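Here are a few exercises to work through with the model open beside you. Try each task on your own before reading the solution.

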Number of protein chains: 2
Amino acid sequence: MPPRASACGLAVAAVALLSACVADRPATGAAPPANPPAGMQYLYGSGEAAALSVQAFTALMTHVMAKVKARPVDSVVLAEGASLEQPRFVPCGDKPFAAVFDVDETVMLNIGFEYHDATTGRGYDAAAWDAWERTGAGAVSAVPGAAEAVQDLRNMGVTVVFNTNRSAANAEATAAAIKAAGLGEALHGVTLYLSGDDAMGSRKDGRRAAISAKYCVIAMGGDQLGDFSDLFNAGQSVTARREATMQGAIAHLWGNGWFVLPNPVYGSGLKGGFDDVFPADKKWAMPAQGEKK
Amino acid sequence: MPPRASACGLAVAAVALLSACVADRPATGAAPPANPPAGMQYLYGSGEAAALSVQAFTALMTHVMAKVKARPVDSVVLAEGASLEQPRFVPCGDKPFAAVFDVDETVMLNIGFEYHDATTGRGYDAAAWDAWERTGAGAVSAVPGAAEAVQDLRNMGVTVVFNTNRSAANAEATAAAIKAAGLGEALHGVTLYLSGDDAMGSRKDGRRAAISAKYCVIAMGGDQLGDFSDLFNAGQSVTARREATMQGAIAHLWGNGWFVLPNPVYGSGLKGGFDDVFPADKKWAMPAQGEKK
């Protein structure tokens, strides 16, 4: 036992009490944190994440320019009844071109909300998020590269459509936030699709079907796999979900019609226990002293 | 004051004591964590990060194919004396083509070491990392998309050069790990450059100069800005460093010669206090009840 064991025993016992005290601060515990969580440092503060975002929009624009020059037969929206194993796509016909983007952490950074989240330690809270949707327009910014990309798309005649799980009840405030971030105009039901537009809740396939009925969608951008297909959120294991992104025709879509933006702060990418994240055959431990050489 | 205030006062006071107790477990505190940290869930477990990685290699291959068809005048390695504001590049001449990659979390995932890190809660430890370099070959895997990309590059006649801050003392073990990850052969001093190869420590500009003296480097890949230029690590503020990635000619390089891989787990992207990460004009707070509408 280490020398401080008995004092530590008392202190450890006190933690249960403290846990009760901080029950109304569910996320990170007692003391106000010295720094934002690592994921926020990375996404909102680092040059690495900014570069990763600019890179995604550069790849998207390269792709879109090629498709505008040579109209594709198919859009990049999966057709009804398609599977990840056997993807089929909504045909383009002679529909006008569009690019479809999620909003939060895809084209717009929720700086103000995440500041509130990190400083209060309250984690996600539906009431706070609703207040944020209604009043946050002054505290957002564009994802690096996004404002230039949406402007260039519009200049090329490609309609920019936003498909977000923000609430239809807050449509005007969300359009105001999009504009304040430097991303231009968004009109509910025309270039802005929201949760509540149909009966599918946060699932976006129905809204994607509506958009791809009107447009030849040549690019989609998102930070969550659900921004590309609801099939990624069909209850499969963490491991199977990751595998599904790397196999067959789906693997070919990343950077080639489907464009991912980084988000290690929240969402469907932040799941999994040790056995999900670290394969059984990759669990290294320090060699015992005698094994060192 | 909330009803439990006085008991909480006692419990909060006990936290200082507890902090002392866990000082020999520097990273995450007392109890073994239920899950890996969010950044590891994201990077090693999510489909989102896998897709982001595949996308980066897809963009890199598109870029390289274009450059192999039409030889560029300049490489993508900054010339000596260049600045981020006024970048100049090492000329290509008729040198053979190469692509230069960092190793860790760029082409190879250190699954085993991060498992050790997360389960022991010890954080980074130089001795553990050295043991990992020497014995970890069985517990690595390729970054999604990396193995296919390096194979395709070699098939196209583009030499793949690894430039990593792993130690020159462990060159053979690192080459073995690279091979075990499915990334092929790496030969120290030829296609594998390591920390200790010169007197510049972890700074890579000297090694990049040596590589670009022999090759026309048409693409670089890394998860840290130092994988592209030491100028990003010149002591500037977190904010200035991020800004430097998004301005002028440098912004144009991401996805266009310089290719970033995600890493929210460790490194130079995980820095900054609240004032660095959240600009002063973006600090939102919940509106008071009366302001809600």
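Chain A has 11 helices and 9 strands (DSSP runs numbered from the N terminus: helices are H or I with at least four residues, strands E with at least two). The model is predicted, so local features need pLDDT of at least 70 and side-chain atom pairs pLDDT 80 or more, while totals for chains, interfaces and linings use all residues. Residues are numbered from 1 along each chain as written, chains are lettered from A and ligands numbered from 1 in the order written, and side-chain values use heavy atoms, without hydrogens and water.

## Exercise 1: symmetry

Task: find which rotation and shift superpose chain A on chain B.

Solution. Start with the superposition, done by least squares on the C-alpha atoms of residues with pLDDT of at least 70 in both copies.

## Exercise 2: the interface

Task: work out how much area chain A and chain B bury between them, and which element of chain A gives the most residues to its side.

Solution. First, the area: about 7300 Å² is buried between chain A and chain B, 69% of it on carbon and sulfur atoms. Buried area here is the accessible area (1.4 Å probe) lost on putting two parts together, summed over both. In chain A, the residues losing the most area to chain B are A:Arg242, A:Phe274 and A:Trp284, together 12% of what that side buries.

Then turn to the polar side. The rule finds 25 residue pairs in polar contact across the interface, both at pLDDT 80 or more (N or O atoms within 3.5 Å; within protein, one able to donate a hydrogen and the other to accept it, with sequence neighbours counted only if both atoms are side-chain atoms).

Finally, α3(A) gives the most to the side of chain A that touches chain B, with 11 residues.

## Exercise 3: one residue

Solution. B:Asn263 lies in the loop between β9 (258-260) and α11 (274-277) of chain B.
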